[in-house]
Amino acid sequence: MAVDTAPAPSAPARAGGRRLTLPSGSVISTFLVLFLVIASFSVENFASSRNAGFLLLDVVVIALIALPLTLIVVTGEIDLSVASVVGLCSAVMGRLWFAGLPLELIIPLCLLLGAVLGAVNGLLVTKVGLPSLAVTIGSLALYRGLAFVVLGDQAVADFPRAWTTWAIGSIGGTGIPNAVLPLLVLIAVTAVLLHATPIGRSLYAMGNSEDAARFSGIDVARTKLWLFVAAGVVSALGGVFWTLRYGSARADNAAGLELQVIAAILLGGVSIFGGSGGLLGVLAGALLLASVRNALQLVNVPSDVLNIVTGVLLIVAVVAPQVTAWARTRAARQRPPG
Amino acid sequence: MTSFLTARRLLTGTAIAALVVTTAACGGTTRGEEETAADAGAGASANPDADIPSGLAIAFLPKQLNNPYFAVADAGGERAVQEIDGEFSEVGPTEASASSQVSYINTLTQQGADVIVTSANDPNAICSALDQARAGGANVVTFDSDTSPECRDLFINQATPQGIAEAQIDLMSEQIGGSGQVAILSATANATNQNAWIELMKSYAAEAHPGLEIVTTVYGDDEDEKSFQETQGLLQTYPDLKGIISPTTVGISAAARYLSGSEYKGRVALTGLGTPNQMREFVKDGTVTAFALWNPEDLGYLAAYAGAALAAGQITGAEGETFEAGELGEYTVGADGEVVLGDPTVFNADNIDDFDF
């Protein structure tokens, strides 16, 4: 990719100077650690390897899909269709398994399908020039609809036990789910890509100013297209894992999951307008949301209250930086000159 | 951008695809290769005389919260848990999805619940979570919607198809004096439950109430408007029609609405399966004399007692075992760990105000 001329610094300064000087994600990570410590002491049954396993298993798919979606949000775009890709891949996986194809063939086919679905989003955004919000609201409905065409309201559930037990199993009885290992590899790859390569810097540059990025020689359209393809493939992988984890291929699998992924990204300090944020914060955001839910469930907080709590948490996370920035500029203005 | 599909890329892609297909073709994991693992079965033996210990933690996990049907069922469960001096809790997701139920099952496992009473959003997706809960010592009872039998100890079935069919034919026969033309207003043409009930209704009518002539079955597709129109059509096509049976809650309320505003009110009988809240006004205004449905409160009540009996060791879930369910009396475990609640409850002007669901 022709991105060797990317000019953006690793901590891009936005107009208004509202960025904290701390490394991106450190605030939310501190919150996460604090919450985990407090919950371990005050919530019965929270600190145990079994509970950690339950918690991580719920986070795996959210964190997985958050990886490519973070890159997309950093460039200033959005992909709302990710959960529908999960559902469609789950449905296709069920249909093909039912037809007698081997899983070893079905899984690559699903990933290929994910690439195609991502490419459709990407081409509509980059070639046709439509806003990604509009495109992916459309494909959110379209892909979910196709999932129901493929599998209807049936469920395919007779996947081999060896595969489904792996999906819920843990590494050597530690409580850490097997799926965490491949996830860590993907996290490492994404982190290096975003934070240690010219490509990563070019993503921030696009998010800050697409025109400036284009003038400095970045192939904006091509980069974005590949990001959407990556989101499709990774969501398809999430669909495969989801299907095996629950042992049930259904068209309505993971419905609404996109909101949880986006919530983790925003809570992690990634600006919805692009150009700022990092992977550490996103992962901490995903873990924080899941831990809060888990801890509140353990103390029998009803689920509607739980939704309110996560909603408030999210608003606070998005609003708080704005308020501090406002307070800071106000304070600066009131200081007497000289 | 034209470089996106260069010959080189296409070639690489094709090569990878070919490789994958070849790998997969030489042996892979396909459907039907594996035999399902046999159920380990209950190891412990039952002691019918065991006392129910106090303080049992019995948790109800419905398909979703804020659903009136499950609110009533859970209230029945709560009453039963109070009677046996246990600790009742009701947890569950706000949306009816299997994955969020799994998260609640995990929480209950972690809390060490003695009994989990649940209605499954997906018969398979919550299985592995239930397995873990049982490995952690919980007894699992399903009600309303079952899981695969190997994932739970007992299933409390609301009613047998036979019981549902007979109740509706008996009600109709009583209301039209034992003879006359009757039509059926069903849900969709391929609705499994309704079709099974209709077959049983026909054979039971022929045998027990030969005066009843079932002239036709029409389908309202469980849509209010279509059911309404089908009712209208029935009355025009069959001028001598004495009664309509609608074995679906959507159908019966739409038919009642049509009848109550028409000249046929009080002349054409209507019965079937409905909820008291939907049907209250039509019972009060005389359009409908009586209809039936299982009582969700009794369903929850029985499920809680069944769970307590399991936790106490009175039963293990094996066929033929019996247990006491408070005011509902004695129940016997049937094949596949099923317990049937009993005949549907009949609602009429005398008792409809006692129910709120």
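Student: To start, which residue is the bridge partner of Ile184(B) in β7(B)?

Tutor: That partner is Thr217(B). Keep in mind that we are looking at a predicted model. The pair belongs to a stretch where strand β6 (residues 180-186) and strand β7 (residues 212-219) of chain B run parallel, joined over seven bridges. To get from β6(B) to β7(B), the chain goes through helix α6 (residues 192-208) of chain B, and this β-α-β crossover is right-handed.

β6(B) and β7(B) sit in an open sheet of four strands, and the order is β7-β6-β8-β9 in chain B, with parallel pairing. At the edges you find β7 and β9 (269-272) of chain B, each of which pairs on one side only. Going from one strand to the next, the twist averages 25 degrees.

Toward the β9 end, strand β8 (residues 241-246) of chain B runs parallel to β9(B), and four bridges join them. One pair to pick out on screen is Ser246(B), whose bridge partner in β9(B) is Gly272(B). Helix α8 (residues 249-260) of chain B lies across β6, β8 and β9 of chain B. Its direction is at about 165 degrees to β9(B).

Glu174(B) has 15 other C-beta atoms within 10 Å, so it counts as partly exposed. From Glu174(B) to His209(B) is 35 residues in sequence, while their C-alpha atoms are 9.9 Å apart in space.

Chain B has another open sheet to compare with that one. This one is built from six strands in the order β2-β1-β3-β4-β5-β13, with parallel pairing. Its edges are β2 (87-90) and β13 (338-340) of chain B; each has a single partner strand, so one side of each is left without a neighbour in the sheet. Ignoring direction, neighbouring strands here are turned by 20 degrees against each other on average.

Now look to either side of the strand. Strand β1 (residues 57-61) of chain B pairs with β3(B) in the parallel sense over four bridges, and Ala59(B) has Ile116(B) as its bridge partner. Strand β4 (residues 139-143) of chain B also pairs with β3(B) in the parallel sense, over four bridges. There, Val117(B) stands opposite Val141(B). Between β3(B) and β4(B) comes helix α4 (residues 127-135) of chain B, and the three make a right-handed β-α-β unit.

Next, the helices that go with this sheet. Helix α3 (residues 98-111) of chain B lies across β1 and β3 of chain B, and runs at about 175 degrees to β1(B). With 14 residues, α3(B) reaches 20 Å from its first C-alpha to its last, close to the 20 Å expected at 1.5 Å a residue. The helix is mostly covered, since 13 of its 14 residues are buried. Gly112(B) follows α3(B), and its phi is positive, near 75 degrees. Helix α10 (residues 296-312) of chain B lies across β1, β3, β4, β5 (154-157) and β13 of chain B. Relative to β4(B), α10(B) runs at about 160 degrees.

To put these pieces in context, chain B has ten helices and 14 strands. Of its 357 residues, 48% count as buried. Among contacts in chain B between residues at least 6 apart in sequence, 73% join residues at least 24 apart.

Note on methods. Residues are numbered from 1 along each chain as its sequence is written. Chains are lettered from A and ligands numbered from 1 in the order in which they are written. This is a predicted model: local features need pLDDT of at least 70, side-chain atom pairs count only at pLDDT 80 or more; totals for chains, interfaces and linings use all residues. Two strands pair if DSSP finds at least two bridges between them. Helices (H or I, at least four residues) and strands (E, at least two) are DSSP runs, numbered from the N terminus. A crossover is right-handed if, with the strands pointing away from the viewer, the path from the first strand over the helix to the second runs clockwise. The expected span of a helix is 1.5 Å times one less than its number of residues. A residue is buried if 20 or more other C-beta atoms lie within 10 Å of its own, exposed if 12 or fewer, and partly exposed in between; C-beta atoms are placed from the backbone. Axes are lines fitted to C-alpha atoms, for helices over the stretch in contact, and angles run from 0 to 180 degrees between N-to-C directions. Two residues are in contact if their C-beta atoms, placed from the backbone, lie within 7 Å.
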